[in-house]
Amino acid sequence: MSVLSLDTQPPSRVDIHALRTRLDGCLVVPGDPRWDEARRAWNLAVDQRPFAVALVESAEDVVAVVDFARVHGLRIAPQGTGHGASAITSLEDTILVKTERMRGVEIDPVARRARVEAGAIWADVVGPAAEQGFVVLHGSSPDVGVVGYSLGGGMGWLARSRGLSANSVTAVELVTADGRLVRADRDNEPDLFWAVRGGGGNFGVVTAVELVLYDAPELYAGALFFPVDRAAEVLHAWREWVETVPDEVTSVGRVMHFPPLPMVPDPMRGSSFAIVEAVFTGPESEGEELLRPLRDIGPAMDTFAAVSPSALQDLHMDPPMPVPGAGDGMFLDALPAEAVDAMVATSGPPLLSFEIRQLGGKLAEPSATNGAVGSIDAEFVMFAVGITPTPEAAAAVDQAVDKAKAALAQWELARTYFNFAERPVAAERLYPTETYRRLRRIRHAYDPGRIFVANHPI
Ligand SMILES: Cc1cc2nc3c(=O)[nH]c(=O)nc-3n(C[C@H](O)[C@H](O)[C@H](O)COP(=O)(O)OP(=O)(O)OC[C@H]3O[C@@H](n4cnc5c(N)ncnc54)[C@H](O)[C@@H]3O)c2cc1C
């Protein structure tokens, strides 16, 4: 449905030209030779067809584009990488504001803060932070956007010991619907500051965030690979093991079917495994002790070692480049033995990966300083995904994801995880009821005209 109303005029060519002259970056419209490249998302299965794509280079560019959209009755969809693009239902009459050219990162070792521009990916932050002796709360993939990830929660390898990335954001710079560039933090615009930390891209275009830098701990991390026909035995052992480990361990139990593609290294290429991946924030000797019960069952490959913070980026073996894919996830309130059996029974191809992550620890601790994402009372989160190069593959993967979710449905929580909801989902399901009501009030206060198009609209 069009958002153009009677009191706004669609932009003419002259208007578009005038906007272009105001931008440091550029505005790409259909018919432009760069159109297909400009509208592409990281998830290549998503066919984005906005009104125009603004490749912004500064906060001033964002202000100009937001003002333009408001005057002409258009909407604004902020996007960093497009990892989360699949849940956006329509970009009609919408300017896709891509921040990929804004990748500046400043590390302040004294204040123990990183200021990260909106287009930065985690790989831009992890190395510079590590060089100064710090870690950040990135997730499994180095090329996920810091902002999109953190606005939706952000669960990574230090999740059980240090919590969600959203709750480690100390300030957000963003352009609101009325074209103001504001800094939201504990003291300024506190409602907005609370809302964006879990409420996603519903409140404005973020131009930069400030994050806590944590002292780099010792890290003992890696993966145990087992032949896939041992999946039941391995995942039952992992399930029992996670009940015994301290919050300093964050781990994943998964089944993976590596595609026979050249980008997949030997000996994974074309093979299937049951895998346990884990990170322990502590000394190697203690890590070895903790891991012993799983090592004792005899993995075919074992990559555990004392590692540097940068090594965590590759542990999950996410695709290193844009791919077409479809997946979905859900929170689980328990993982009894029957749930592991149900997972194993539905984990075959065409799924690429069916994983379960242990939650708890710091994730479950409520705090008055948390953002809207709050704390997570689920015990586990699952995610199933496949590669979808063709419509037939997409249909088969969708069906497999449905089956995987159905198999675990009896342990599913009503709340679902913002960042793993790759299908459109009612936003009420992303939060406790009171949180959702407050988010709606704040959205109405800051964006009464509903200019902003987020992947999960509030
Ligand atoms: C391979 C892969 C691995 C992943 N691993 C993890 C993981 O370990 N842990 C985890 O928690 N999640 C993970 N995710 C999910 C990921 O965090 C979400 O998809 C997240 O939304 C990606 O952010 P992005 O900026 O890269 O993507 P985008 O698609 O660019 O952004 C997603 C949404 O964030 C909002 N947004 C982005 N930029 C801005 C901005 N500048 N201003 C306002 N709003 C903005 C928009 O609403 C946008 O639709 C993974 C996803 C993939 C595909």
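1. Overall size. With 458 residues, a compact globule would have a radius of gyration near 23 Å, and the chain has 22 Å, which agrees. The radius is taken over C-alpha atoms, and the globule rule is 2.2 Å times the number of residues to the power 0.38. Along the principal axes, the C-alpha atoms fill a box of roughly 70 × 55 × 40 Å.

2. Basis. This is a predicted model: local features need pLDDT of at least 70, side-chain atom pairs count only at pLDDT 80 or more, and totals for chains, interfaces and linings use all residues. Residues are numbered from 1 along each chain as its sequence is written, and side-chain values use heavy atoms, with hydrogens and water left out.

3. Fold content. The chain has twelve helices and 19 strands. These are DSSP runs numbered from the N terminus: helices are H or I with at least four residues, strands are E with at least two. Of the contacts with a separation of 6 or more, 74% join residues 24 or more positions apart (contact: heavy atoms within 4.5 Å).

4. Burial. Buried residues make up 57% of the 458. Buried means under 20% relative accessible area, exposed over 50%, partly exposed in between (1.4 Å probe, protein chains only).

5. The whole structure holds nine aromatic pairs. Rings of Phe, Tyr and Trp (its six-membered ring) pair if their centres lie within 6.5 Å; planes under 30 degrees apart count as stacked, over 60 as edge-to-face and the rest as tilted. Phe383 and Phe420 form a tilted pair, 5.1 Å centre to centre with 50 degrees between the planes. This pair links distant parts of the chain, 37 residues apart: Phe383 is in strand β19 (residues 380–387), Phe420 in the loop between α11 (391–407) and α12 (433–446). Both Phe383 and Phe420 are buried. Tyr417 and Phe420 pair edge-to-face, at 5.0 Å and 70 degrees. Tyr417 is buried too. Ring pairs link Phe331, Phe383, Tyr417 and Phe420 into a cluster.

6. Cis peptides. The bond from Asp266 to Pro267 is cis, omega near -5 degrees. Pro267 sits in the loop between β13 (249–257) and β14 (272–281). Pro349 and Pro350 are also joined by a cis bond, with omega about 15 degrees. Pro350 lies in the loop between α10 (337–345) and β18 (353–358).

7. Positive phi. Met317, not a glycine, has a phi of about 60 degrees. Its loop runs between β16 (305–307) and β17 (325–332). Met317 counts as partly exposed because its relative accessibility is 22%. Arg450 has phi near 50 degrees and is found in the segment after α12. At 40% relative accessibility, Arg450 counts as partly exposed.
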